[in-house]
Amino acid sequence: MIEIVIKELIFTYRRVFIVLFISVTIVILVGMLYPSSQLSKINFWDYDKIWHFVLFMVWAILYGLVRAIRKKRAPNLLLVFIFGLTYGLLVEILQFILPTNRSPEVADFIADAFGSLAAIGVLRWVFHSPS
């Protein structure tokens with residue numbers, strides 16, 4: 001029952017979810033490419049892997065919702081997961097390439113992947129078909 005209400009909210013407020021998705025995408029890019037010399041001044045970054053997990057879970061949920069809105073049906077969960085992995089890998093590659101004094105870490109990518117995987121569980125719950 002709650003899933004039906006959630007779906008109705010998603011499609012009713014579709015523009016909000018699209019704006020949220022774009023906003024979270026930008027926040028992740030800026031936050032993870034921000035020069036490391038400035039990060040020591042920001043205390044909440046002490047939980048780096050947790051932030052990676054949470055941000056990518058939120059990003060993948062929003063990406064799945066945007067795909068559902070655009071396709072007018074449940075998102076392809078494998079595609080959502082693959083795009084989450086791709087975005088996480090892209091961020092790590094950009095950390096390596098750009099002169100931000102940031103270094104890519106495999107552990108960050110793994111946290112991103114687990115966040116994306118957790119999002120799949122949430123999306124599956126929202127879009128499952130009741131028997």
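Here is a short chat about reading a few features of this predicted model.

Visitor: Take Val-5, then. Is Val-5 buried, exposed or partly exposed?

Guide: The general idea is that buried means under 20% relative accessible area and exposed means over 50%, with partly exposed in between. Val-5, which sits in helix α1, has a relative accessible area of 40%, so this residue is partly exposed.

Visitor: What does Thr-25 touch, leaving out residues up to four places away in sequence?

Guide: Trp-59 and Tyr-87. Look at Trp-59: this residue is 34 residues from Thr-25 in sequence, yet their C-alpha atoms are 6.8 Å apart in space. Their side chains are also joined by a polar contact of 2.8 Å.

Visitor: Now a helix as a whole. How far does α6 reach from its first C-alpha to its last?

Guide: You can compare a helix's reach with the span expected at 1.5 Å a residue. Helix α6 (residues 106–127) has 22 residues and reaches 31 Å, close to the expected 32 Å.

Visitor: Which residues of α6 are buried?

Guide: Among them are Ala-111, Gly-115, Ala-119, Ile-120, Leu-123 and Phe-127. Asp-108 and Asp-112 are buried too.

Definitions and conventions:
Residues are numbered from 1 along each chain as its sequence is written. This is a predicted model: local features need pLDDT of at least 70, side-chain atom pairs count only at pLDDT 80 or more; totals for chains, interfaces and linings use all residues. Side-chain values use heavy atoms; hydrogens and water are left out. Helices (H or I, at least four residues) and strands (E, at least two) are DSSP runs, numbered from the N terminus. Buried means under 20% relative accessible area, exposed over 50%, partly exposed in between (1.4 Å probe, protein chains only). The expected span of a helix is 1.5 Å times one less than its number of residues. Contact means heavy atoms within 4.5 Å. A polar contact is a pair of N or O atoms within 3.5 Å; within protein, one must be able to donate a hydrogen and the other to accept it, and residues adjacent in sequence count only if both atoms are side-chain atoms.
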